[in-house]
Amino acid sequence: DISWQSLGHALQVQGELIRPGVYTGIDGKTCRWSAAVLKANYKTLLGKPLKMLHEAEAIYKDDVPNAGEITGHTTHLAITTDGSVFYKGMVFPKEVQETLKSGSFKASLEARVALSKPDEKGIRDVLAWKGEAIAFTDTPAVKEQAPLATAELALSSRSLSLIHISEPTTP
């Protein structure tokens, strides 16, 4: 017999993560994200962690529950024809769930990026990227996002019996 333990209640979060445009990241670099480069790489975020704040900002915000920690994972991704990336995920710590339901945090992409040299305005084109995590922050680079949507989920536990099936062997 296998006995499963429930994680309890999870909070499903979903929203827009990024759309084509020019953004200044937490590293101070201003980058142009095209629809083509978003479409080519958005699936690299599937199954990646959801975090409460970027590590670089978490050290300054010790009043935020689970600051800098992994609090869930990305379960679904979608992209629109114009290149906007949407996500769904599940968050488990109760304190983080309450913080996210307050509506003051939005999703922010954490990624490894390959960049062009800066143009005359100092803007670099993102040539390729690999998603590493989604961080919830109150200072996202993409300011025009819709508010985070949330839904509470009850995760159930169950028992499962394993049956051993043997196949006949030939001598």
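Predicted model: local features only at pLDDT ≥ 70, side-chain atom pairs only at ≥ 80, totals over all residues.

Residues are numbered from 1 along each chain as its sequence is written, and side-chain values use heavy atoms, with hydrogens and water left out.

First, the core. A nonpolar core here is a set of buried Ala, Val, Leu, Ile, Met, Phe, Trp, Tyr and Cys residues joined through side-chain atoms within 4.5 Å. Buried means under 20% relative accessible area, exposed over 50%, and partly exposed in between, with a 1.4 Å probe and protein chains only. The largest such core holds 27 residues, and Trp33, Leu100, Trp129 and Phe136 have the most contacts inside it. Elements that each supply at least two of its residues include helix 1 (35-41), helix 3 (94-101) and strand 9 (124-137). Helices (H or I, at least four residues) and strands (E, at least two) are DSSP runs, numbered from the N terminus.

What does Trp33 touch, leaving aside its neighbours within four places in sequence? Its contacts, meaning heavy atoms within 4.5 Å, include Ile18, Leu38, Leu109 and Trp129.

Next, helix 3. Val96, Gln97, Thr99 and Leu100 are buried in it. Seen down the helix axis, the buried residues of helix 3 fall within an arc of 165°, so they line one face; the arc is that of the directions from the axis to the C-beta atoms. They pack against strand 2, strand 5, strand 6, strand 7 and strand 9. Just after helix 3, Gly103 has a positive phi of about 90°.

Strand 3 (residues 21-24) and strand 4 run antiparallel, joined by four bridges; two strands pair if DSSP finds at least two bridges between them. Tyr23 has Cys31 in strand 4 as its bridge partner.

Last, the salt bridges, defined as a side-chain nitrogen of Lys or Arg within 4 Å of a carboxyl oxygen of Asp or Glu. By this rule there are six. One of them joins Arg32 and Asp119 at 3.4 Å, N to O. Arg32 lies in strand 4 and Asp119 in the loop between strand 8 and strand 9, so this pair ties together parts 87 residues apart in sequence. Arg32, Asp119 and Asp125 are linked in a network of salt bridges.
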